[in-house]
2 protein chains.
Amino acid sequence: MATKETKRRGRPRSFDRETALEQAMRSFWEQGYEATSISDLTRTMGISAPSLYAAFGDKRALFGEVVTEYGRVYGGFLSRAVAEEPTARRGVERALREAAAEYTLPGRPRGCLVISAALNTAPASAEVAESLREMRLANVRDIQRAIAADVASGALPATTDAAALAHYVGAVMQGMSQQARDGADRATLEAIAELAMRAWPRTAGEKRTGGGEGEGVREKRKKETGPRPGA
Amino acid sequence: MATKETKRRGRPRSFDRETALEQAMRSFWEQGYEATSISDLTRTMGISAPSLYAAFGDKRALFGEVVTEYGRVYGGFLSRAVAEEPTARRGVERALREAAAEYTLPGRPRGCLVISAALNTAPASAEVAESLREMRLANVRDIQRAIAADVASGALPATTDAAALAHYVGAVMQGMSQQARDGADRATLEAIAELAMRAWPRTAGEKRTGGGEGEGVREKRKKETGPRPGA
DNA sequence: GTTTTTCTGTAGCGAGCGATACAGAAAGCG
DNA sequence: CGCTTTCTGTATCGCTCGCTACAGAAAAAC
(Lines give C-alpha, C1' and ligand atoms only; values in the text may rest on other atoms or scores of the structure.)
Protein backbone atom coordinates (compact mmCIF):
# COMPACT_ATOMS: atom_id res chain seq x y z
CA MET A 1 0.00 0.00 0.00
CA ALA A 2 1.50 3.32 -1.08
CA THR A 3 -0.07 5.61 1.45
CA LYS A 4 2.52 8.38 1.36
CA GLU A 5 4.21 9.34 -1.88
CA THR A 6 7.55 11.17 -1.89
CA LYS A 7 6.70 14.72 -0.95
CA ARG A 8 3.53 16.35 -2.20
CA ARG A 9 3.66 19.85 -3.50
CA GLY A 10 1.43 22.74 -2.48
CA ARG A 11 -0.22 23.49 0.79
CA PRO A 12 -0.43 20.37 2.94
CA ARG A 13 -3.73 19.04 4.24
CA SER A 14 -4.47 20.44 7.66
CA PHE A 15 -6.36 17.41 8.99
CA ASP A 16 -5.65 13.71 9.28
CA ARG A 17 -7.46 11.93 6.48
CA GLU A 18 -7.84 8.62 8.30
CA THR A 19 -9.16 10.24 11.43
CA ALA A 20 -11.68 12.17 9.38
CA LEU A 21 -12.69 8.96 7.59
CA GLU A 22 -13.18 7.25 10.93
CA GLN A 23 -15.43 10.07 12.09
CA ALA A 24 -17.43 9.86 8.88
CA MET A 25 -17.83 6.15 9.47
CA ARG A 26 -19.29 6.76 12.91
CA SER A 27 -21.83 9.16 11.46
CA PHE A 28 -22.91 6.83 8.66
CA TRP A 29 -22.93 3.90 11.06
CA GLU A 30 -25.22 5.66 13.50
CA GLN A 31 -27.61 7.43 11.17
CA GLY A 32 -27.32 5.63 7.86
CA TYR A 33 -26.33 6.95 4.46
CA GLU A 34 -29.22 9.24 3.60
CA ALA A 35 -29.93 10.55 7.08
CA THR A 36 -26.34 11.74 7.40
CA SER A 37 -26.03 15.16 5.77
CA ILE A 38 -22.92 16.86 4.49
CA SER A 39 -23.17 19.35 7.34
CA ASP A 40 -23.36 16.44 9.81
CA LEU A 41 -20.17 15.13 8.25
CA THR A 42 -18.29 18.42 8.17
CA ARG A 43 -19.17 18.96 11.83
CA THR A 44 -18.08 15.55 13.10
CA MET A 45 -15.07 15.36 10.80
CA GLY A 46 -14.01 18.83 11.86
CA ILE A 47 -13.43 20.08 8.32
CA SER A 48 -15.24 22.34 5.89
CA ALA A 49 -17.26 21.19 2.92
CA PRO A 50 -14.67 22.08 0.24
CA SER A 51 -12.02 20.14 2.18
CA LEU A 52 -14.32 17.16 2.32
CA TYR A 53 -15.01 17.24 -1.40
CA ALA A 54 -11.33 17.76 -2.23
CA ALA A 55 -10.25 14.82 -0.08
CA PHE A 56 -13.02 12.30 -0.75
CA GLY A 57 -14.84 13.27 -3.94
CA ASP A 58 -18.53 13.39 -3.12
CA LYS A 59 -20.84 11.92 -0.50
CA ARG A 60 -21.22 8.62 -2.31
CA ALA A 61 -17.48 8.15 -2.79
CA LEU A 62 -16.87 8.98 0.86
CA PHE A 63 -19.43 6.37 1.84
CA GLY A 64 -17.68 3.87 -0.40
CA GLU A 65 -14.40 4.46 1.40
CA VAL A 66 -16.22 4.22 4.71
CA VAL A 67 -17.67 0.83 3.80
CA THR A 68 -14.28 -0.46 2.72
CA GLU A 69 -12.69 0.72 5.94
CA TYR A 70 -15.56 -0.70 7.96
CA GLY A 71 -15.09 -4.09 6.36
CA ARG A 72 -11.37 -3.99 7.03
CA VAL A 73 -11.58 -2.97 10.68
CA TYR A 74 -14.98 -3.95 12.06
CA GLY A 75 -17.08 -6.08 9.77
CA GLY A 76 -14.74 -8.83 8.66
CA PHE A 77 -15.39 -11.16 11.56
CA LEU A 78 -17.95 -13.30 9.75
CA SER A 79 -15.75 -14.07 6.76
CA ARG A 80 -12.80 -14.63 9.07
CA ALA A 81 -14.69 -17.01 11.33
CA VAL A 82 -16.09 -19.02 8.44
CA ALA A 83 -12.71 -19.15 6.72
CA GLU A 84 -10.62 -20.00 9.75
CA GLU A 85 -12.71 -22.53 11.66
CA PRO A 86 -12.49 -26.15 10.60
CA THR A 87 -16.23 -26.66 10.15
CA ALA A 88 -19.15 -24.52 9.10
CA ARG A 89 -20.74 -25.16 12.46
CA ARG A 90 -17.79 -23.82 14.41
CA GLY A 91 -17.44 -20.92 12.01
CA VAL A 92 -21.05 -19.88 12.33
CA GLU A 93 -21.05 -20.47 16.07
CA ARG A 94 -18.03 -18.23 16.46
CA ALA A 95 -19.40 -15.61 14.10
CA LEU A 96 -22.68 -15.40 16.00
CA ARG A 97 -20.88 -15.16 19.33
CA GLU A 98 -18.59 -12.45 17.99
CA ALA A 99 -21.55 -10.62 16.48
CA ALA A 100 -23.19 -10.46 19.92
CA ALA A 101 -20.06 -8.74 21.20
CA GLU A 102 -19.31 -6.56 18.18
CA TYR A 103 -22.87 -5.27 17.84
CA THR A 104 -22.95 -4.03 21.44
CA LEU A 105 -19.40 -2.87 22.10
CA PRO A 106 -19.44 0.35 24.13
CA GLY A 107 -17.98 3.38 22.44
CA ARG A 108 -19.16 2.61 18.97
CA PRO A 109 -22.48 2.59 17.12
CA ARG A 110 -24.60 -0.50 17.69
CA GLY A 111 -25.30 -3.15 15.11
CA CYS A 112 -23.75 -3.60 11.69
CA LEU A 113 -23.22 -0.79 9.21
CA VAL A 114 -23.64 -3.04 6.18
CA ILE A 115 -26.94 -4.32 7.51
CA SER A 116 -28.47 -1.05 8.60
CA ALA A 117 -26.87 1.93 6.85
CA ALA A 118 -28.82 1.91 3.60
CA LEU A 119 -32.33 0.69 4.29
CA ASN A 120 -35.30 2.90 3.50
CA THR A 121 -33.50 4.72 0.75
CA ALA A 122 -35.06 7.08 -1.73
CA PRO A 123 -34.66 6.10 -5.40
CA ALA A 124 -31.75 8.55 -5.69
CA SER A 125 -29.67 6.35 -3.38
CA ALA A 126 -30.71 3.07 -4.92
CA GLU A 127 -27.15 2.32 -6.02
CA VAL A 128 -25.79 2.64 -2.53
CA ALA A 129 -28.52 0.42 -1.13
CA GLU A 130 -27.86 -2.12 -3.85
CA SER A 131 -24.14 -2.29 -3.10
CA LEU A 132 -24.76 -3.08 0.56
CA ARG A 133 -27.44 -5.59 -0.37
CA GLU A 134 -24.92 -7.37 -2.54
CA MET A 135 -22.45 -7.47 0.31
CA ARG A 136 -25.10 -9.11 2.48
CA LEU A 137 -25.87 -11.65 -0.23
CA ALA A 138 -22.16 -12.36 -0.66
CA ASN A 139 -21.90 -13.12 3.03
CA VAL A 140 -24.81 -15.52 2.85
CA ARG A 141 -23.08 -17.21 -0.08
CA ASP A 142 -19.90 -17.47 1.99
CA ILE A 143 -21.79 -19.28 4.71
CA GLN A 144 -23.58 -21.43 2.19
CA ARG A 145 -20.29 -22.49 0.62
CA ALA A 146 -18.87 -23.59 3.96
CA ILE A 147 -22.02 -25.53 4.76
CA ALA A 148 -22.08 -27.21 1.36
CA ALA A 149 -18.46 -28.23 1.84
CA ASP A 150 -19.33 -29.89 5.14
CA VAL A 151 -22.30 -31.66 3.58
CA ALA A 152 -19.99 -33.00 0.91
CA SER A 153 -17.45 -34.14 3.48
CA GLY A 154 -20.06 -35.80 5.67
CA ALA A 155 -19.68 -33.38 8.54
CA LEU A 156 -23.29 -32.43 7.96
CA PRO A 157 -26.17 -34.74 6.97
CA ALA A 158 -26.65 -35.20 3.24
CA THR A 159 -30.21 -33.99 3.67
CA THR A 160 -29.03 -30.55 4.82
CA ASP A 161 -30.32 -27.69 2.68
CA ALA A 162 -27.20 -25.52 2.54
CA ALA A 163 -28.95 -22.52 1.03
CA ALA A 164 -31.75 -22.58 3.59
CA LEU A 165 -29.37 -22.95 6.50
CA ALA A 166 -27.20 -20.12 5.23
CA HIS A 167 -30.20 -17.83 4.80
CA TYR A 168 -31.28 -18.75 8.31
CA VAL A 169 -27.89 -17.74 9.72
CA GLY A 170 -27.99 -14.51 7.73
CA ALA A 171 -31.45 -13.73 9.01
CA VAL A 172 -30.40 -14.33 12.61
CA MET A 173 -27.40 -12.02 12.24
CA GLN A 174 -29.54 -9.31 10.69
CA GLY A 175 -32.06 -9.76 13.47
CA MET A 176 -29.30 -9.50 16.07
CA SER A 177 -28.10 -6.27 14.49
CA GLN A 178 -31.59 -4.82 14.64
CA GLN A 179 -32.12 -5.98 18.20
CA ALA A 180 -28.83 -4.34 19.15
CA ARG A 181 -30.03 -1.09 17.59
CA ASP A 182 -33.29 -1.47 19.49
CA GLY A 183 -31.35 -1.62 22.74
CA ALA A 184 -30.68 -5.31 23.38
CA ASP A 185 -27.52 -5.83 25.40
CA ARG A 186 -24.70 -8.26 24.79
CA ALA A 187 -26.08 -10.99 27.04
CA THR A 188 -29.40 -10.93 25.20
CA LEU A 189 -27.66 -11.22 21.84
CA GLU A 190 -25.50 -14.05 23.13
CA ALA A 191 -28.62 -15.88 24.23
CA ILE A 192 -30.08 -15.40 20.77
CA ALA A 193 -26.88 -16.73 19.21
CA GLU A 194 -26.89 -19.77 21.44
CA LEU A 195 -30.54 -20.50 20.74
CA ALA A 196 -29.96 -20.07 17.04
CA MET A 197 -27.28 -22.75 17.08
CA ARG A 198 -29.75 -25.26 18.51
CA ALA A 199 -31.32 -25.35 15.07
CA TRP A 200 -28.07 -26.61 13.58
CA PRO A 201 -28.47 -30.01 11.91
CA ARG A 202 -27.17 -32.99 13.86
CA THR A 203 -25.58 -36.06 12.38
CA ALA A 204 -27.00 -39.47 13.25
CA GLY A 205 -25.34 -40.38 16.56
CA GLU A 206 -25.09 -36.90 18.00
CA LYS A 207 -25.78 -35.94 21.61
CA ARG A 208 -27.90 -32.87 22.23
CA THR A 209 -26.04 -30.88 24.90
CA GLY A 210 -22.36 -30.17 25.33
CA GLY A 211 -20.27 -28.52 22.66
CA GLY A 212 -21.07 -31.34 20.26
CA GLU A 213 -18.74 -31.54 17.30
CA GLY A 214 -19.52 -34.38 14.94
CA GLU A 215 -17.38 -33.08 12.13
CA GLY A 216 -15.45 -34.99 9.59
CA VAL A 217 -13.09 -32.24 8.57
CA ARG A 218 -10.31 -31.77 11.09
CA GLU A 219 -7.60 -29.69 9.53
CA LYS A 220 -8.00 -25.92 9.46
CA ARG A 221 -9.68 -24.78 6.33
CA LYS A 222 -8.09 -21.72 4.81
CA LYS A 223 -9.98 -19.91 2.09
CA GLU A 224 -8.40 -17.67 -0.47
CA THR A 225 -11.21 -15.18 -0.04
CA GLY A 226 -10.35 -12.08 1.96
CA PRO A 227 -12.48 -10.91 4.83
CA ARG A 228 -15.80 -9.38 3.92
CA PRO A 229 -17.84 -7.15 6.19
CA GLY A 230 -21.28 -7.38 7.64
CA ALA A 231 -23.97 -9.95 7.21
CA MET B 1 -66.95 3.54 14.53
CA ALA B 2 -68.61 6.76 13.32
CA THR B 3 -67.07 7.05 9.89
CA LYS B 4 -69.80 9.10 8.27
CA GLU B 5 -71.60 11.79 10.24
CA THR B 6 -75.01 13.05 9.11
CA LYS B 7 -74.28 15.30 6.14
CA ARG B 8 -71.19 17.50 6.14
CA ARG B 9 -71.50 21.03 4.94
CA GLY B 10 -69.37 22.70 2.30
CA ARG B 11 -67.67 21.29 -0.73
CA PRO B 12 -67.30 17.54 -0.44
CA ARG B 13 -63.92 15.83 -0.67
CA SER B 14 -63.14 14.82 -4.22
CA PHE B 15 -61.13 11.70 -3.36
CA ASP B 16 -61.69 8.61 -1.27
CA ARG B 17 -59.86 9.06 2.02
CA GLU B 18 -59.29 5.35 2.65
CA THR B 19 -57.97 4.72 -0.82
CA ALA B 20 -55.58 7.64 -0.44
CA LEU B 21 -54.47 6.30 2.93
CA GLU B 22 -53.84 2.90 1.38
CA GLN B 23 -51.69 4.49 -1.31
CA ALA B 24 -49.75 6.42 1.31
CA MET B 25 -49.17 3.16 3.16
CA ARG B 26 -47.67 1.58 0.09
CA SER B 27 -45.26 4.47 -0.31
CA PHE B 28 -44.15 4.44 3.33
CA TRP B 29 -43.97 0.66 3.28
CA GLU B 30 -41.70 0.63 0.25
CA GLN B 31 -39.44 3.56 0.95
CA GLY B 32 -39.72 4.20 4.65
CA TYR B 33 -40.82 7.32 6.49
CA GLU B 34 -38.06 9.77 5.70
CA ALA B 35 -37.33 8.66 2.16
CA THR B 36 -40.98 9.22 1.22
CA SER B 37 -41.47 12.88 0.35
CA ILE B 38 -44.67 14.85 0.32
CA SER B 39 -44.47 15.05 -3.46
CA ASP B 40 -44.10 11.24 -3.59
CA LEU B 41 -47.25 11.04 -1.51
CA THR B 42 -49.28 13.56 -3.48
CA ARG B 43 -48.34 11.75 -6.69
CA THR B 44 -49.25 8.25 -5.53
CA MET B 45 -52.30 9.40 -3.59
CA GLY B 46 -53.49 11.38 -6.58
CA ILE B 47 -54.21 14.54 -4.59
CA SER B 48 -52.54 17.90 -4.11
CA ALA B 49 -50.55 18.95 -1.06
CA PRO B 50 -53.23 21.18 0.49
CA SER B 51 -55.77 18.35 0.21
CA LEU B 52 -53.34 16.02 1.93
CA TYR B 53 -52.74 18.44 4.78
CA ALA B 54 -56.44 19.20 5.14
CA ALA B 55 -57.34 15.52 5.32
CA PHE B 56 -54.47 14.08 7.36
CA GLY B 57 -52.75 16.92 9.24
CA ASP B 58 -49.06 16.69 8.48
CA LYS B 59 -46.64 14.03 7.33
CA ARG B 60 -46.14 12.60 10.80
CA ALA B 61 -49.87 12.35 11.52
CA LEU B 62 -50.43 10.69 8.15
CA PHE B 63 -47.75 8.17 8.98
CA GLY B 64 -49.42 7.55 12.31
CA GLU B 65 -52.69 6.73 10.57
CA VAL B 66 -50.80 4.56 8.12
CA VAL B 67 -49.22 2.57 10.94
CA THR B 68 -52.58 2.07 12.63
CA GLU B 69 -54.16 0.91 9.38
CA TYR B 70 -51.18 -1.33 8.67
CA GLY B 71 -51.54 -2.99 12.04
CA ARG B 72 -55.25 -3.50 11.50
CA VAL B 73 -55.02 -4.98 8.02
CA TYR B 74 -51.55 -6.45 7.52
CA GLY B 75 -49.42 -6.55 10.62
CA GLY B 76 -51.65 -8.10 13.22
CA PHE B 77 -50.87 -11.71 12.44
CA LEU B 78 -48.24 -12.11 15.15
CA SER B 79 -50.47 -10.93 17.98
CA ARG B 80 -53.35 -12.93 16.58
CA ALA B 81 -51.33 -16.11 16.29
CA VAL B 82 -49.90 -15.81 19.78
CA ALA B 83 -53.30 -14.97 21.24
CA GLU B 84 -55.32 -17.62 19.45
CA GLU B 85 -53.09 -20.68 19.52
CA PRO B 86 -53.21 -22.86 22.61
CA THR B 87 -49.46 -22.81 23.24
CA ALA B 88 -46.63 -20.38 22.68
CA ARG B 89 -44.96 -22.90 20.43
CA ARG B 90 -47.93 -23.20 18.12
CA GLY B 91 -48.44 -19.46 18.18
CA VAL B 92 -44.86 -18.72 17.23
CA GLU B 93 -44.77 -21.51 14.67
CA ARG B 94 -47.88 -20.13 13.01
CA ALA B 95 -46.63 -16.56 13.20
CA LEU B 96 -43.35 -17.45 11.53
CA ARG B 97 -45.11 -19.42 8.82
CA GLU B 98 -47.51 -16.58 8.19
CA ALA B 99 -44.66 -14.10 8.18
CA ALA B 100 -42.98 -16.04 5.38
CA ALA B 101 -46.15 -15.64 3.33
CA GLU B 102 -47.03 -12.09 4.34
CA TYR B 103 -43.54 -10.72 3.74
CA THR B 104 -43.45 -12.00 0.16
CA LEU B 105 -47.04 -11.67 -1.05
CA PRO B 106 -47.09 -10.42 -4.64
CA GLY B 107 -48.69 -7.06 -5.21
CA ARG B 108 -47.54 -5.45 -2.01
CA PRO B 109 -44.26 -4.17 -0.62
CA ARG B 110 -42.01 -6.83 0.86
CA GLY B 111 -41.23 -7.26 4.51
CA CYS B 112 -42.82 -5.54 7.48
CA LEU B 113 -43.51 -1.82 7.66
CA VAL B 114 -43.05 -1.65 11.42
CA ILE B 115 -39.68 -3.34 11.14
CA SER B 116 -38.27 -1.41 8.24
CA ALA B 117 -40.01 1.93 7.75
CA ALA B 118 -38.12 4.03 10.27
CA LEU B 119 -34.56 2.79 10.45
CA ASN B 120 -31.69 5.16 9.68
CA THR B 121 -33.63 8.21 10.69
CA ALA B 122 -32.21 11.69 11.12
CA PRO B 123 -32.64 13.19 14.59
CA ALA B 124 -35.63 15.15 13.32
CA SER B 125 -37.60 11.91 12.93
CA ALA B 126 -36.44 10.36 16.19
CA GLU B 127 -39.98 10.30 17.57
CA VAL B 128 -41.30 8.30 14.65
CA ALA B 129 -38.44 5.82 14.91
CA GLU B 130 -39.03 5.52 18.63
CA SER B 131 -42.73 4.76 18.20
CA LEU B 132 -42.03 1.88 15.82
CA ARG B 133 -39.26 0.62 18.08
CA GLU B 134 -41.74 0.49 20.93
CA MET B 135 -44.16 -1.49 18.80
CA ARG B 136 -41.40 -4.00 18.10
CA LEU B 137 -40.56 -4.25 21.78
CA ALA B 138 -44.25 -4.69 22.62
CA ASN B 139 -44.42 -7.60 20.21
CA VAL B 140 -41.42 -9.24 21.84
CA ARG B 141 -43.14 -8.79 25.19
CA ASP B 142 -46.27 -10.43 23.78
CA ILE B 143 -44.26 -13.46 22.78
CA GLN B 144 -42.43 -13.48 26.08
CA ARG B 145 -45.70 -13.46 28.00
CA ALA B 146 -47.02 -16.45 26.09
CA ILE B 147 -43.77 -18.33 26.66
CA ALA B 148 -43.71 -17.52 30.36
CA ALA B 149 -47.29 -18.78 30.66
CA ASP B 150 -46.29 -22.08 29.12
CA VAL B 151 -43.29 -22.35 31.41
CA ALA B 152 -45.59 -21.82 34.36
CA SER B 153 -48.04 -24.44 33.10
CA GLY B 154 -45.35 -26.99 32.41
CA ALA B 155 -45.76 -26.91 28.65
CA LEU B 156 -42.20 -25.66 28.47
CA PRO B 157 -39.25 -26.71 30.65
CA ALA B 158 -38.81 -24.71 33.85
CA THR B 159 -35.29 -23.89 32.71
CA THR B 160 -36.58 -21.99 29.68
CA ASP B 161 -35.43 -18.36 29.52
CA ALA B 162 -38.63 -16.74 28.31
CA ALA B 163 -37.03 -13.37 27.58
CA ALA B 164 -34.18 -14.89 25.59
CA LEU B 165 -36.51 -17.12 23.58
CA ALA B 166 -38.81 -14.20 22.83
CA HIS B 167 -35.92 -12.03 21.69
CA TYR B 168 -34.75 -14.90 19.50
CA VAL B 169 -38.14 -15.13 17.82
CA GLY B 170 -38.20 -11.36 17.36
CA ALA B 171 -34.76 -11.41 15.81
CA VAL B 172 -35.74 -14.18 13.40
CA MET B 173 -38.82 -12.27 12.27
CA GLN B 174 -36.83 -9.10 11.77
CA GLY B 175 -34.24 -11.09 9.85
CA MET B 176 -36.96 -12.63 7.70
CA SER B 177 -38.32 -9.18 6.91
CA GLN B 178 -34.89 -8.00 5.84
CA GLN B 179 -34.27 -11.11 3.78
CA ALA B 180 -37.60 -10.55 2.06
CA ARG B 181 -36.56 -7.01 1.23
CA ASP B 182 -33.26 -8.36 -0.06
CA GLY B 183 -35.15 -10.58 -2.47
CA ALA B 184 -35.66 -13.88 -0.64
CA ASP B 185 -38.76 -15.70 -1.86
CA ARG B 186 -41.48 -17.31 0.18
CA ALA B 187 -39.97 -20.79 0.13
CA THR B 188 -36.68 -19.46 1.47
CA LEU B 189 -38.46 -17.65 4.29
CA GLU B 190 -40.49 -20.74 5.09
CA ALA B 191 -37.29 -22.73 5.34
CA ILE B 192 -35.89 -20.12 7.71
CA ALA B 193 -39.05 -20.32 9.81
CA GLU B 194 -38.90 -24.09 9.98
CA LEU B 195 -35.23 -24.07 10.93
CA ALA B 196 -35.88 -21.43 13.56
CA MET B 197 -38.45 -23.66 15.24
CA ARG B 198 -35.86 -26.40 15.68
CA ALA B 199 -34.34 -24.25 18.39
CA TRP B 200 -37.57 -24.44 20.38
CA PRO B 201 -37.06 -26.03 23.81
CA ARG B 202 -38.22 -29.62 24.14
CA THR B 203 -39.74 -31.16 27.21
CA ALA B 204 -38.22 -34.32 28.64
CA GLY B 205 -39.83 -37.14 26.66
CA GLU B 206 -40.17 -35.33 23.34
CA LYS B 207 -39.49 -36.77 19.90
CA ARG B 208 -37.43 -34.70 17.49
CA THR B 209 -39.28 -34.91 14.17
CA GLY B 210 -42.95 -34.70 13.35
CA GLY B 211 -45.17 -31.86 14.46
CA GLY B 212 -44.37 -32.62 18.10
CA GLU B 213 -46.73 -31.03 20.57
CA GLY B 214 -45.95 -31.81 24.18
CA GLU B 215 -48.09 -29.07 25.62
CA GLY B 216 -49.99 -29.04 28.83
CA VAL B 217 -52.48 -26.36 27.89
CA ARG B 218 -55.21 -27.69 25.66
CA GLU B 219 -58.04 -25.21 25.57
CA LYS B 220 -57.74 -22.20 23.27
CA ARG B 221 -56.17 -19.28 25.00
CA LYS B 222 -57.94 -16.00 24.30
CA LYS B 223 -56.16 -12.82 25.30
CA GLU B 224 -57.90 -9.52 25.87
CA THR B 225 -55.17 -7.76 23.94
CA GLY B 226 -56.07 -6.66 20.43
CA PRO B 227 -53.88 -7.43 17.46
CA ARG B 228 -50.63 -5.51 17.22
CA PRO B 229 -48.68 -5.12 14.03
CA GLY B 230 -45.19 -6.03 13.02
CA ALA B 231 -42.36 -7.66 14.90
C1' DG C 1 -81.27 33.34 -5.15
C1' DT C 2 -77.53 34.70 -1.12
C1' DT C 3 -74.66 33.21 2.56
C1' DT C 4 -71.73 30.04 4.84
C1' DT C 5 -68.72 26.35 4.92
C1' DT C 6 -65.40 23.30 3.13
C1' DC C 7 -62.41 21.62 -0.28
C1' DT C 8 -59.24 22.35 -4.52
C1' DG C 9 -55.34 24.09 -7.35
C1' DT C 10 -51.67 27.47 -8.07
C1' DA C 11 -47.97 29.33 -6.44
C1' DG C 12 -44.56 30.04 -3.24
C1' DC C 13 -42.65 30.27 1.73
C1' DG C 14 -38.19 29.50 4.66
C1' DA C 15 -34.98 25.91 5.50
C1' DG C 16 -31.87 22.47 4.51
C1' DC C 17 -29.91 19.54 1.01
C1' DG C 18 -25.52 18.18 -1.90
C1' DA C 19 -22.13 20.49 -4.14
C1' DT C 20 -19.00 24.58 -5.81
C1' DA C 21 -16.83 29.36 -7.30
C1' DC C 22 -13.69 32.12 -5.67
C1' DA C 23 -9.98 34.33 -3.34
C1' DG C 24 -6.53 33.88 -0.06
C1' DA C 25 -3.12 31.00 2.60
C1' DA C 26 0.66 27.75 2.84
C1' DA C 27 3.73 24.65 1.11
C1' DG C 28 7.65 23.02 -2.67
C1' DC C 29 10.42 24.38 -6.78
C1' DG C 30 13.34 27.30 -9.61
C1' DC D 1 12.59 36.05 -4.36
C1' DG D 2 8.74 34.76 -7.73
C1' DC D 3 5.96 30.81 -9.60
C1' DT D 4 3.24 26.91 -9.30
C1' DT D 5 0.50 23.84 -6.78
C1' DT D 6 -2.64 22.51 -3.37
C1' DC D 7 -5.54 23.24 0.46
C1' DT D 8 -8.80 26.36 3.34
C1' DG D 9 -12.77 29.44 4.54
C1' DT D 10 -16.58 32.29 3.01
C1' DA D 11 -20.35 32.65 0.63
C1' DT D 12 -23.00 30.96 -2.07
C1' DC D 13 -25.45 27.89 -6.14
C1' DG D 14 -29.79 25.32 -7.77
C1' DC D 15 -32.80 22.04 -5.91
C1' DT D 16 -35.97 19.69 -2.98
C1' DC D 17 -37.85 19.44 1.46
C1' DG D 18 -42.27 19.99 4.50
C1' DC D 19 -45.70 23.09 4.62
C1' DT D 20 -49.15 26.96 3.70
C1' DA D 21 -51.45 31.64 1.92
C1' DC D 22 -54.71 32.69 -1.13
C1' DA D 23 -58.43 32.78 -4.32
C1' DG D 24 -61.78 30.24 -6.67
C1' DA D 25 -65.06 26.11 -6.87
C1' DA D 26 -68.74 23.29 -4.96
C1' DA D 27 -71.72 21.80 -1.70
C1' DA D 28 -75.40 22.70 2.39
C1' DA D 29 -78.08 26.28 4.97
C1' DC D 30 -80.90 30.23 4.75
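This is a predicted model: local features need pLDDT of at least 70, side-chain atom pairs count only at pLDDT 80 or more; totals for chains, interfaces and linings use all residues.
Residues are numbered from 1 along each chain as its sequence is written, chains are lettered from A and ligands numbered from 1 in the order in which they are written, and side-chain values use heavy atoms, with hydrogens and water left out.

Me: Which residues come nearest to DNA strand C?
Reply: A residue counts as near a strand if one of its heavy atoms lies within 4 Å of it. There are 24 residues around DNA strand C. The nearest are A:Ile38, A:Tyr53, A:Lys59, B:Arg9 and B:Ser14.

Me: What percentage of the atoms of DNA strand C that come within 4 Å of the protein do sugar and phosphate account for?
Reply: This looks at the DNA side of that surface. For DNA strand C, the sugar and phosphate share is 72%.

Me: How far is a phosphate oxygen of DNA strand C from a polar backbone atom of A:Ile38?
Reply: A polar contact here is a pair of N or O atoms within 3.5 Å; within protein, one must be able to donate a hydrogen and the other to accept it, and residues adjacent in sequence count only if both atoms are side-chain atoms. A:Ser37 uses a polar side-chain atom, 3.1 Å from a phosphate oxygen of DNA strand C. For the backbone atom of A:Ile38, the distance is 2.4 Å.

Me: Which element gives the most to the surface near DNA strand C?
Reply: Helices (H or I, at least four residues) and strands (E, at least two) are DSSP runs, numbered from the N terminus. Two or more residues each come from α2 (38-45) and α3 (49-56) of chain A and from α3 (49-56) of chain B. With three residues, the top contributor is α3(A).

Me: Which polar side-chain atom lies 2.8 Å from a phosphate oxygen of DNA strand D, by residue?
Reply: A:Ser51 has a side-chain N or O atom 3.0 Å from a phosphate oxygen of DNA strand D. B:Ile38 puts a polar backbone atom 2.5 Å from one. The side chain at 2.8 Å belongs to B:Lys59.

Me: Which element gives the most to the surface near DNA strand D?
Reply: α3 of chain A gives two or more residues, as do α2 (38-45) and α3 of chain B. The one giving the most, with three residues, is α3(B).
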